[in-house]
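User: Hello! I am new to this structure and would like to learn how to read a few of its features. Could you walk me through them?

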Amino acid sequence: MNTLALAFRLARREMRSGFSGFRIFFACLVLGVMAVAGVGSLSSALLTGLAEEGRVLLGGDVSVHLVHRAADPNELAFLKARGRVSETISMRAMAYALKNGREEERQLIELKAVDGAYPLYGAVGLSPPLPLGRALACNSSICGAAVEQTLLDRLHLPLGGLLKIGSAEYRVTAILAHEPDRISGGFSLGPHVLMSKDALGRTGLVTIGSLIEYAYRVAMPPNASIQRFSDDAKAAFPDGGWEVRDRNNAAPGIRRFVEQVTMFLTLVGLTALAVGGVGAGQAVSAFLDRKREEIATLKSLGAEGGLIFLIYFLQVMLIAVAAVVVGLVLGAALPFLIEAFFAADIPAPARYGVYPGPLVLAALFGLLSAVAFAIPPLARSREIMPASLFRDVVAPTRARGRLPYLAVSALAAACVVGLALALAPSLLFAGWFLAGAAGVLVVLRVTAFVLQFLLRHLPRPKRPGLRLALANLTRPGAATSAVIVALGLGLTLLATVTLLDRTISAQVKDNLPTLAPTFFFVDIQPDQTARFDDAIARFKSARDYRRTPMIRGRITSLNGVPAATARVEPGSRWALSGDRGITYAATPPKGTQITDGEWWPANYQGPTLISFDAELAKGLGLKLGDTITLNVLGREIPGKIVNFRHVDFTNGNQNFILILSPGLIDKAPHSYLATVRVDDADEEAMYRTITDKFPGISTVRVKDAIAQVNGLLQQLSDGVRAASLLTILAGLLVLAGAVAAGQRARLYDSTVMKVLGATRAQIAGIYALEYGFIGLATGLIALAAGTAAAQAITERVFAVAFDFDPGAVLATVLGGMIATLGFGLIAAWSALAARPAALLRYP
Amino acid sequence: MQAIILEDVRLTLASAAGPVNILTGISLSIARGETVALLGPSGSGKSSLLMVAAGLEAPTSGRVTVAGTDLTKLGEDALARFRRAHVGIVFQSFHLIPTMTALENVAVPLELQGAKDAFARAAAELEAVGLGARLEHYPSQLSGGEQQRVALARAMAPRPQVLFADEPTGNLDGQTGAGVADLLFALQARAGTTLFLVTHEETLARRCQRIVRLKDGAIVADTRAEAA
């Protein structure tokens, strides 16, 4: 304790010399902590919003989803016994603009019919602000509908205009500005339209077998148990095919997305912290170099190594704490900045505020990083020999600190990694990310070492400028290694993200349209099939036409084990939640690749047999001969898996994970799904013909859907790229720090060069060579590492062919080089501006 | 009773051009309270010998006993504790800590010893070297002579058994140097401290009781001052 008090006293005296050498250390730490704290705070604001608004987003305390069928009277009675109930019915349909009694522009819509109780929680936003009941009211001839502004824009229809949906007409009475439960509805292919249940009946589109979702939301009394509801529902309707969700998990997709983006951005923040750490270590080393004499003096007066370590450790940690506090303040402010400027772009409700959890976490990350990076140079300082006071030459010091110190540093680093992994929703992703970053760090460090070694052993060039530039790169304490490592990591991340973005957007924008069909047609009724086939066949360019029966159902158990409790890989869980498309076929559909087992005989009519997706089967732990139970239209259908198929989800075609043998499933009411490709010239004509002749069939233009997905991807990749710029910024700080640290030596060099007759242009040329070389080397290493990482990710994770984009990559290399060169020349400028006499008079 | 005993001390340092033999078998014994000057040309190994004797550098071979302790058996931290208790050092270029006032500089070794009255004693020491009015001045605010007097006060404050001085007047002009030398010998005489003085100035050396001459890392003469 006495030692600590003494160390504190001596540290306080030491600090009188100020902290000018610590600006970069401070900035690096602030940046990293700010990033982690900001991301965490924003994420907390979103997750808290999702949790608090759960019942509004879900539309009730619990919600029960059924596909193809409405709840029967028994089921309704069960629901009504547990609270207020609201029924909504959702489907896709085509809407036509009615102008002068004619059907003009048309558009696929997401149609939702609501009852009088809707919404149980929250409010629908309409413009003009009519009561919902009035906006959706019907008279004998026409009903009102509230539609999103985009629909009016696409149909060129004014407010008050007429729509035709199915066989009925509707008047647009209001613009749907806010739908409280929209977020729990999932991906939309078209603008939303709200109407009454009554009005939906008039469309004539509601037939058994049509793809219709029925949702029942229940507002339960305040003290009612959600768990009890689920248990009772399972007991009362074990075969009901109910998909029950509750307010605690209203938007699982959004929540997962927020969690995953948070994880990624936190990891990027940690990378920035690691990059900054390289600079921090460099700053501490430079600081201790300046303090060499004081340290040796204290030692000669009898100070032990431990005390020396403590004196400087306290100073460094004091700065670290100050930096962490500043970082936390800035990070905590981030959600408020987002609220002020981008509130409208945030798709989920957010509770902006100060969240202590992420701030504590960011502080921990910051302090642990500071400890990890500052201890190695500090440990070296305790090894400074007092004998160095007597010699002009630098007394040889141990190259490394003692083991216990290095162990503490390693422990702090391990804590950062451990904490990051423990908190990541996906251990696998976080693990790979951190392993990748660590791998790149090692590669950069080794490359920097090899490069310096080679330069040192190269024959010295004859030109003095080149010779000095090369010597500067390899002299003891040169910034080469730190800059390559720090800037290299950021550039590698940027190169990886850029290449990934190019590959995936090329896949979606260029490759997918060449593989995917032009149209998807949904809800073709059995009595329309012949006419529909004929209508398609009239187009000469129509090809790859496939019409498949489709019915939706849920997998309720695997080998008798309920789906909810079955042990499956997390990546395959999706197949068991919610309903899936199911088809049946007597013979293998064209292009089927059976990987194992046999297809059933063409005339087979016995108990249901199943052909299953081979890849998914692995994740679900299924083998040939296993039993899957499906719930279709409230009926349980058990089936035996007799073969596995390869299903390619990347081509945008009809893909069914389940194909059943006919005999039972084909007796259930169902509709058909069709896909077709046509030449661009015929696309518009086919769209108009089919939508004219079959107003009840939903026609999806794949092009539009792809554009929508691509837009989302673009936003995501822009965000990711912006985040990776953070690490570049940290790298630039390190670069600036390294340049500043070498400034004295540079001033001396340039003075001597001037005395010997070098012009300022010649000296500037030397610096340009030196920094240009570091920048080029860093850019090239980042390019190689980034390409390798992006290739591995595209091929292993996305399973698509890697698409190398030289343009994007060249930008990375050049960017790195220009940044390094720029900073180097700024430093050179001040060195060149100094007058030789001033320096020579007072060396 | 001997304050310093060196037995066949050798020191070899590595350099880029190969190993350099700095000390080549030094044996020397200095009694308690004795004042000894180590005289020799530059590069003769004077400062290295002082470093070895003060426990600042470990010899390559041989034995160093100071104040009854075998320094060659001590680790780095034990050496630091030993210096703290038994040894004071004055450097040619003062080596005051620039961020500390004169008072704080003198107090440091006392604080390291854990002395509760470190500052009172430090103030008294500064008073004794004639700097009672400059307690709160920083090294940069003091002249060279004043800085060396602070360094002297710092070295003598813990009442060391042995005072090592490495060219203590080397960075000072003649008159100031003489003043510092007077002070050095006065403080030594008052406390009865053993003095081990490294210098290349004959006149300063002559003020010691004994003069040891060094050349190329070996003792070439060891005489009483009167006979030198």
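User: Is A:Asn100 buried or exposed?

Analyst: A residue is buried if 20 or more other C-beta atoms lie within 10 Å of its own, exposed if 12 or fewer, and partly exposed in between, with C-beta atoms placed from the backbone. A:Asn100 has 6 other C-beta atoms within 10 Å, so A:Asn100 is exposed. This is a predicted model, where local features need pLDDT of at least 70, side-chain atom pairs count only at pLDDT 80 or more, and totals for chains, interfaces and linings use all residues. Residues are numbered from 1 along each chain as its sequence is written, while chains are lettered from A and ligands numbered from 1 in the order in which they are written.

User: Where is A:Asn100 found?

Analyst: Helices (H or I, at least four residues) and strands (E, at least two) are DSSP runs, numbered from the N terminus. A:Asn100 sits in the loop between strand S2 (84-99) and S3 of chain A. Although not a glycine, A:Asn100 has a positive phi of about 55°.

User: And A:Asp523, which has a positive phi too: is A:Asp523 buried or exposed?

Analyst: A:Asp523 is buried, because 24 other C-beta atoms lie within 10 Å. Its phi is about 65°, and A:Asp523 belongs to strand S11 (residues 519-524) of chain A.

User: Which peptide bond is cis at A:Pro119?

Analyst: That is the bond from A:Tyr118 to A:Pro119, with omega near -10°. A:Pro119 lies in the loop between strand S3 (102-114) and strand S4 (125-127) of chain A. A cis peptide bond also joins A:Ser127 and A:Pro128, with omega about 0°.
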